[in-house]
Amino acid sequence: MVRDYLKDRVLMYETKSGSRTKDITAGVAQGSILGPNFWNVLYDSLLRTDMPEKTFLVGYSDDIAAVIEARNPELAQLQLNKVMRRVNAWMENHGLHFALSKTDIVMLTRKRICTIIEMRVGSEITETKVSARYLGVEFDSKLTFWPQIKNSSDKAAATTVSLSRLMANVGSPKQCKRKLLMAVVESQLLYGVEIWASALNTAKYRKSITVVQRRGALRVACSYRTVSEAAVLVIAGTIPIDLLAKERKQHRN
């Protein structure tokens, strides 16, 4: 059944000379219902591969992260070499190739040391980064999650501006519809919050997202910008964003 499902696949594309077709003989059918299942079957053997001590792989779909615990960068490099030898062997057996351009390395440490260093990945050398995005969440070297909060706030602020054009204070949707539209902003602000909710204990980080929530609440309540944050949240019937973050974290635990 699976063999029949994957055979006779053709890619059709347009050129200046007209339509062209190309037979597809490898790869998972993109957008197919069985696509995720095929990926799970393939990557299961990689996730079950024995890794060195204090090292393990985390996988979601086709995104794989190697977590290495070491006391210093030199030991981390030794562990990384061992991991890459096993990963590369698995990839060669499955006809895959390692792409350094899509690989990020971040040193997670509370120590006051330089976290931007060169490390060897397989046969190539790359530089560690201040932060890296994994499944939409930005992990920085100190695990402050400030890059994640800032990016989420900037994205939500842009969405708020766009939605505000649809919700003038006079002659626009009713409050129930406004709250529904602004729920988009709330979902952007709270993406992955189960991981970084504790970062909102810092006043600077908390203010970054509450400012955006206040702008949305002003539109929901049809209020002027001079109205205080606490008052406009009550009028709009909106729960403070930091309390929502703590609630989601508690439900996760």
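This is a predicted model: local features need pLDDT of at least 70, side-chain atom pairs count only at pLDDT 80 or more; totals for chains, interfaces and linings use all residues.
Phe145 lies in the loop between β8 and α4. At 7% relative accessibility, Phe145 is buried, because buried means under 20% relative accessible area. Its backbone has a positive phi of about 65 degrees, although Phe145 is not a glycine.

Leu143 is found in that loop too, which runs between β8 (137–140) and α4 (146–164). The phi of Leu143 is also positive, near 55 degrees, and Leu143 is a residue other than glycine. With a relative accessible area of 32%, Leu143 is partly exposed.

**Aromatic pairs**

The structure holds four aromatic pairs. The rings of Trp39 and Tyr43 form a tilted pair, because their planes stand at 50 degrees, with the ring centres 5.2 Å apart. Trp39 is partly exposed, with a relative accessible area of 23%, whereas Tyr43 is buried at 12%.

Which residue forms a tilted aromatic pair with Tyr43 at 5.7 Å centre to centre? That residue is Trp90, and the angle between the planes of this pair is 50 degrees. Tyr43 lies in helix α2 and Trp90 in helix α3 (residues 73–93), so the pair ties together parts that are 47 residues apart in sequence. Trp90 is buried, and its relative accessible area is 8%. Trp39, Tyr43 and Trp90 form one aromatic cluster.

Lys204 lies over the face of Trp146, at 4.6 Å from the ring centre.

**Salt bridges**

The structure holds five salt bridges.

| Salt bridge | N to O distance | Relative accessibility of the partners |
|---|---|---|
| Arg48 and Asp44 | 2.7 Å | Arg48 63%, Asp44 34% |
| Glu138 and Arg133 | 3.3 Å | Glu138 11%, Arg133 46% |
| Lys150 and Asp154 | 3.1 Å | Lys150 38%, Asp154 41% |

In the bridge between Arg48 and Asp44, Arg48 counts as exposed and Asp44 as partly exposed. In the bridge between Glu138 and Arg133, Glu138 counts as buried, while Arg133 is partly exposed.

How many residues apart are Lys150 and Asp154 in helix α4? They are four residues apart, so about one helical turn separates them. Lys150 is partly exposed, and Asp154 is partly exposed as well.

**Strands and a surface patch**

Strand β1 (residues 9–15) runs antiparallel to β2, and seven bridges join the two strands. The hairpin that connects β1 to β2 passes through two residues. Tyr13 stands opposite Arg20, a residue of β2. In a regular strand the side chains alternate between the two faces of the sheet.

Is Ile33 buried or exposed? Ile33 counts as exposed, because its relative accessibility is 77% and the cut-off for exposed is over 50%. Together with Tyr5 and Leu34, Ile33 forms a nonpolar patch on the surface, and the three residues have about 310 Å² of accessible area together.

**Distances in sequence and in space**

Two further pairs of residues show how positions in the chain relate to positions in space. Ile68 lies in strand β4 (residues 63–68) and is partly exposed, with a relative accessible area of 26%. Ile68 and Val83 are 15 residues apart in sequence, and their C-alpha atoms are 9.1 Å apart in space.

The other pair involves Asn37, which is found in helix α2. Asn37 is partly exposed, with a relative accessible area of 42%. Between Asn37 and Glu92 the separation is 55 residues in sequence and 21 Å in space, C-alpha to C-alpha.

Technical notes: Residues are numbered from 1 along each chain as its sequence is written. Side-chain values use heavy atoms; hydrogens and water are left out. Rings of Phe, Tyr and Trp (its six-membered ring) pair if their centres lie within 6.5 Å; planes under 30 degrees apart count as stacked, over 60 as edge-to-face and the rest as tilted. Buried means under 20% relative accessible area, exposed over 50%, partly exposed in between (1.4 Å probe, protein chains only). A charge sits over a ring if NZ of Lys or CZ of Arg is within 6 Å of the ring centre and within 35 degrees of the ring normal. Patches are made of residues with over 30% relative accessible area and no salt bridge: like charges are joined within 9 Å, nonpolar side chains (Val, Leu, Ile, Met, Phe, Trp, Tyr) within 5 Å. Accessible areas come from the Shrake-Rupley method with a 1.4 Å probe; for residues, only the protein chains shown count as cover. A salt bridge is a side-chain nitrogen of Lys or Arg within 4 Å of a carboxyl oxygen of Asp or Glu. Two strands pair if DSSP finds at least two bridges between them.
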